[in-house]
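Here is a guided walk through one protein model. Keep the sequence and the 3D view side by side as you read.

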Amino acid sequence: MRKYKNGGQLETVVCNCCGKKIIVSEGVAREGVISINHSWDFFSEKDGEIHHFDLCENCYDVITMEFKVPVEIEDQLEYL
């Protein structure tokens, strides 16, 4: 869950799974967090809905360890 200041700067990030408050400094999350924004389509029972949520790195690790097919991981060659 993300909250923004009036100017659009990131103010708060909370893990939707465990409720952990992610450290945010100067509008930037200072801890590992994944943000999911998904628009459901015609072939879903959620057609027309857009879902937004955030997971801290620990919750991401716990959830993805349960996957039957592992997450595909590749090395990032350039950092922006």
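In this predicted model, the largest nonpolar core has 7 residues. They are L10, V13, C15, I22, L55, C56 and C59. Two strands each supply at least two residues of this core: β2, residues 10-14, and β7, residues 50-56. Take L10 from that set. Leaving aside residues up to four places away in sequence, L10 touches R2, K3, Y4, V24, G27 and A29.

Side chains of opposite charge can pair when their charged atoms come close. How many salt bridges does a search of the whole structure find? The search finds 2. In one of them, the side chains of D54 and R2 meet, with N and O 2.8 Å apart. D54 lies in strand β7 and R2 in strand β1, residues 2-4, so the pair ties together parts that are 52 residues apart in sequence. Are the two partners buried or exposed? D54 is buried, because its relative accessible area is 2%, under the 20% cut-off. R2 has 28% relative accessibility, so R2 counts as partly exposed.

Now turn to K20 and E31. These residues form a salt bridge too, and their closest N and O atoms are 2.7 Å apart. K20 lies in the loop between β2 and β3, while E31 lies in the loop between β5 (28-29) and β6, so this pair ties together parts that are 11 residues apart in sequence. Both ends are partly exposed: K20 has a relative accessibility of 37%, and E31 has a relative accessible area of 24%.

E31 also takes us to I23, which touches it. I23 sits in the loop between β3 (21-22) and β4 (24-25). Again leaving out residues up to four places away in sequence, I23 touches V28, A29, R30 and E31. I23 and T12 are 11 residues apart in sequence, and their C-alpha atoms are 7.8 Å apart in space.

Move along to the loop between β4 and β5, where E26 lies. What is the phi of E26? It is positive, about 55 degrees, although E26 is not a glycine. E26 counts as exposed because its relative accessibility is 68%, over the 50% cut-off.

W40 is partly exposed, with a relative accessible area of 31%. Which residues does W40 touch, not counting those up to four places away in sequence? They are K46, D47, G48, E49 and H51. For a sense of distance, look from W40 to D61. These two are 21 residues apart along the chain, and their C-alpha atoms are separated by 24 Å.

S44 has another setting. Its relative accessible area is 17%, so S44 is buried, given the 20% cut-off. The side chain of S44 reaches the backbone nitrogen of K46 at 2.8 Å. K46 is also among the residues that W40 touches.

The last stop is the helix α1, residues 57-65, and what follows. F67 lies in the segment after α1. F67 is partly exposed, with a relative accessible area of 43%.

E74 is exposed, because its relative accessible area is 67%, over the 50% cut-off. Finally, compare E74 with G32. They are 42 residues apart in sequence, and their C-alpha atoms are 17 Å apart in space.

Terms used
Residues are numbered from 1 along each chain as its sequence is written. This is a predicted model: local features need pLDDT of at least 70, side-chain atom pairs count only at pLDDT 80 or more; totals for chains, interfaces and linings use all residues. Side-chain values use heavy atoms; hydrogens and water are left out. A nonpolar core is a set of buried Ala, Val, Leu, Ile, Met, Phe, Trp, Tyr and Cys residues joined through side-chain atoms within 4.5 Å. Buried means under 20% relative accessible area, exposed over 50%, partly exposed in between (1.4 Å probe, protein chains only). Helices (H or I, at least four residues) and strands (E, at least two) are DSSP runs, numbered from the N terminus. Contact means heavy atoms within 4.5 Å. A polar contact is a pair of N or O atoms within 3.5 Å; within protein, one must be able to donate a hydrogen and the other to accept it, and residues adjacent in sequence count only if both atoms are side-chain atoms. A salt bridge is a side-chain nitrogen of Lys or Arg within 4 Å of a carboxyl oxygen of Asp or Glu.
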